[in-house]
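Hello,

Here is the structure I promised to pass on. Please open it first, then read my notes below.

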Amino acid sequence: MNTRTPRRSRGWFWTVLTVSILIVYLFPIYWMISASLQPDANSTDTAWFPTAPALDGYVTAFEDGGLDGLRVSLITAIGSVLLTLVIAVPAAYSLSRLRSRAVSLGLVILLLAQMIPSIVLANSFYAMFNTWGALNSYIGLILANATAGIPFAIILLRSFMLRLDTEVIEASTLDGLGPVGSLWRVVVPLSRNAIITAGVFTFLFAWGDLLFGLTLVTKTDMYPVTVFIYALANSNMNTWAATMGASLIASLPALVLVLAAQRYVKEGVIAGSGR
């Protein structure tokens with residue numbers, strides 16, 4: 001009995017299905033590119049193909065404050081990553097070394113912290129930062145966005161650090177390293193993939209944030225790029241091409257970061273899952 005034909009048929013079926021799903025997911029990217037090259041387009045009247053492509057949308061986006069938005073988002077995202085890792089790495093290491101029922105309770109609290117709706121946090125941050133005078137500031141945006149990254153990073157890093165060879169860590173203490181020295185010189189290098197993974201996801205959390213930016217920022221020169229795009233989309237002017245151009249530009253840093261760190265992220269996620 002010849003089994004090659006059914007196998008080929010199944011192979012073609014899965015290939016067509018995969019390509020179809022890929023086209024669906026990639027279509028918004030094509031639509032952004034196409035719409036950004038049509039200066040006269042709007043949200044309800046955009047041609048499938050730009051017959052007379054122009055870069056007017058990108059020029060408008062940059063002139064209206066797109067560069068400021070990129071700067072604010074970049075500083076906020078990098079600051080959130082640094083703050084998250086400074087807190088999460090020692091916290092995860094401590095939780096991985098402790099043998100107590102309180103650790104399980106702490107992990108449950110971290111999970112519950114991630115379940116709090118962002119709008120609740122945003123309103124609380126607004127009241128608190130308004131008292132501190134931290135509205136329209138980088139420190140306010142960094143503190144707010146780090147709340148999404150810290151619990152995730154602690155859980156991921158602890159899961160990875162539980163799999164580290166305890167004999168290596170104990171040997172470092174015999175060599176004269178204290179807890180901080182062992183963490184910095186032994187645990188951090190061994191946890192590189194997990195740390196990079198936590199940093200990448202924290203960056204993406206902060207880069208894609210809209211709610212905190214809308215709530216904690218009122219000055220246009222402090223708009224993150226997501227809020228800038230939101231303002232463009234709701235402008236009374238014909239800025240659809242500029243909106244799509246700004247959206248495409250805002251997607252590039254995250255795309256470049258993911259592509260550059262994909263090997264570390266893959267290994268970090270697999271290790272953090274305990275496999």
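UniProt, in an unreviewed entry, places the feature "transmembrane region" at residues 12–33, 72–93, 105–126, 138–157, 194–217 and 237–260. Keep in mind that this is a predicted model.

I looked at two of those spans. Residues 12–33 are 100% helix and 0% strand, and their end C-alpha atoms lie 30 Å apart. Residues 194–217 are 83% helix and 0% strand, with end C-alpha atoms 32 Å apart.

Next, a helix pair. Helix H3 (residues 101–115) packs against helix H5 (residues 138–161) at an angle of about 140°. Their axes are 9 Å apart. The crossing of H3 and H5 is left-handed. From H3, the contact uses Val103, Leu107, Leu110, Leu111 and Gln114. From H5, it uses Ala148, Pro151, Phe152, Ile154, Ile155 and Arg158. By type, the residues of this contact are nine nonpolar, one polar and one charged.

Now the cores. The largest nonpolar core has 45 residues. Within it, Val89, Leu157, Met161 and Trp207 touch the most other members. Elements giving two or more residues to this core include helix H1 (4–36), helix H2 (56–97), H3, H5 and helix H11 (240–272). H2 gives the largest share, 11 residues. A second, separate core holds 12 residues, among them Phe129, Leu141, Phe212 and Met222.

Which residues does Trp207 contact, leaving aside its neighbours within four places in sequence? They are Leu70, Ser73, Leu74, Ala77, Val225, Thr226, Ala250, Pro253 and Ala254.

Best wishes

Conventions:
Residues numbered from 1 in each chain as written. Predicted model: local features only at pLDDT ≥ 70, side-chain atom pairs only at ≥ 80, totals over all residues. Heavy atoms only, no water. UniProt positions renumbered as here; feature names shortened; annotations may be inferred. Helix = DSSP H or I, 4+ residues; strand = E, 2+ residues; numbered from the N terminus. Axes fitted to C-alpha atoms, helices over the stretch in contact; angles between N-to-C directions. Left-handed = near helix turned anticlockwise from the far one by under 90°. Contact = heavy atoms within 4.5 Å. Nonpolar A, V, L, I, M, F, W, Y, C, P; charged D, E, K, R; others polar. Core = buried A, V, L, I, M, F, W, Y, C linked by side-chain atoms within 4.5 Å. Buried < 20%, exposed > 50% of the residue type's maximum accessible area, 1.4 Å probe, protein only.
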